[in-house]
Amino acid sequence: MTDTTTTVIPAAAGEDPDLISFLPDCLLTSILSLLPIDAAARTTVLSSRWRRLWPSTPLHLIDSHLRPPSADAISHILASHRCNAVRFQLLVTRPSPADLDSWLRTLALKRLQELVLAPPSEPLRLPPSFHACHSLTAADLTNCRLPEDATASAVFFPHLANLTLRYAYVSSFALHGLLAGCPALVSLSLDRIFGCRSLRVCSQSLRSLTVSVSLARRLLEAHELEDLIVEDAPVLERLLAHDVNWGPSLHVVHAPRLETLGYLGVGIPSLQLGSALFHAMRAVRLPAPVEFRTVKTLALEMVDPQVKPVVDFLNCFPCLEALHITSHMVMPRSMETMNGDKTCYLTECLDHHLKKVVLIGYKGRKRELQLAIFLISSARVLEVMKFLCENYCNPTWLTSQKKRLCLENRASLGAQVIFEKHRISHVRFSKHASNISIVDPFGIQT
């Protein structure tokens with residue numbers, strides 16, 4: 001057993017007593033682990049006791065905390081530090097292939113839990129030793145090339161729960177192998193990946209899946225993700241799509257617990273939800289009544305929000321409780337404005353479930369106004385209708401809008417109608433895998 005007792009030297013007259021020295025080593029190492037690494041390392045000059053404490057502290061190595069950050073400094077810290085590694089974050093240092101391989105091997109031995117790589121300049125090629133970090137619980141990899149030559153049995157991350165790949169280069173074979181080797185994966189974010197055109201997701205543990213594509217790189221790079229098939233995800237709760245002006249096509253085969261879905265938009269060439277099929281937001285085939293009754297929150301992107309396509313989606317998700325609709329800030333040339341439809345619609349969703357509607361980027365255009373009037377006059381249990389407006393919401397405009405909305409005809413007499421100034425942003429929601437902790441991922445703007 002390690003002796004954690006220490007002799008405390010009495011303070012001289014007029015000096016404050018050294019109370020921190022009364023603390024046991026286990027508490028001091030916990031305190032040190034919360035400090036920036038350069039500050040924690042400087043405590044080694046205080047005394048012989050402090051000299052042995054820092055090397056025994058759980059390691060949080062963030063290169064931007066080093067003064068100055070360098071590969072040599074990182075190598076020295078990893079070589080001299082004896083305790084396990086909690087977090088390794090590389091943001092400003094660009095290591096040589098040999099250094100990176102050595103660091104990952106050392107971190108694997110230190111049972112690294114969290115890995116964050118976002119190197120500057122060209123994409124960083126990860127060595128096969130990346131697959132040795134079996135203790136990882138979270139990985140956030142930006143501007144990296146994942147290893148291609150590993151066998152399926154070599155890729156095994158039994159504890160990895162959160163995985164974010166951002167501007168990552170990975171082949172279809174390597175990506176499918178990586179996901180197959182993560183039996184505890186809870187949240188996955190694919191934020192602009194290249195090298196894999198089609199991905200089939202089969203996971204017994206996945207609860208949140210986020211996907212985003214890149215317009216700028218799509219014009220230059222081949223093999224960006226074009227098709228995402230959720231083949232078997234029995235506990236999937238969230239399917240989030242960002243930058244949907246540019247795809248990919250989505251096909252949900254089996255996700256019986258899906259609760260949150262969006263953004264869906266005309267930029268998605270093909271959207272298949274069970275037996276339902278949409279092409280660029282146009283309903284080709286609606287689902288059977290028993291499908292997707294678990295979906296509670298839906299987000300749509302529309303060039304010109306209209307009643308007909310919205311009602312088609314409400315029929316797809318009869319138990320929907322929250323609806324977010326964003327007007328496009330930039331309309332791709334491939335998008336068409338749909339024809340209006342004045343049919344009277346009755347849906348289970350409007351009669352019994354829809355409680356919240358948010359119209360984002362609202363300007364009071366003709367079809368936006370028609371949609372708002374329809375929802376206000378049809379949603380019988382509506383609690384709040386929020387308009388996030390692109391204009392300044394001046395009193396004259398607000399008075400005119402409230403009059404045109406015919407609020408006296410609302411189906412739910414207790415519904416609140418709220419107008420707020422909207423800050424224009426291309427950010428729809430957090431694309432990081434940690435977004436699973438956010439109750440309403442689309443509420444970032446509301």
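Author: Start with exposure. Buried means under 20% relative accessible area, exposed over 50%, and partly exposed in between (1.4 Å probe, protein chains only). This is a predicted model: local features need pLDDT of at least 70, side-chain atom pairs count only at pLDDT 80 or more, and totals for chains, interfaces and linings use all residues. Residues are numbered from 1 along each chain as its sequence is written, and side-chain values use heavy atoms, leaving out hydrogens and water.

Reader: Is Arg 197 buried, partly exposed or exposed?

Author: Arg 197 counts as partly exposed because its relative accessibility is 42%. Across the protein chain of 446 residues, buried residues make up 50%.

Reader: Which residues does Arg 197 contact, leaving aside neighbours within four places in sequence?

Author: Contact means heavy atoms within 4.5 Å. Arg 197 is in contact with His 223, Glu 224, Leu 225, Glu 226 and Asp 227, with those neighbours left aside. Arg 197 and Asp 227 are 30 residues apart in sequence, yet 6.4 Å apart in space, C-alpha to C-alpha.

Reader: What about cores?

Author: In soluble globular proteins, nonpolar side chains tend to be buried together. A nonpolar core is a set of buried Ala, Val, Leu, Ile, Met, Phe, Trp, Tyr and Cys residues joined through side-chain atoms within 4.5 Å. Here the largest has 109 residues. Phe 88, Phe 317, Leu 323, Leu 375 and Phe 387 touch the most other members. A second, separate core has eight residues, including Leu 240, Ala 299, Phe 429 and Phe 442.

Reader: What does Phe 387 touch?

Author: Not counting residues up to four places away in sequence, its partners include Leu 359, Tyr 362, Ile 376 and Phe 419.
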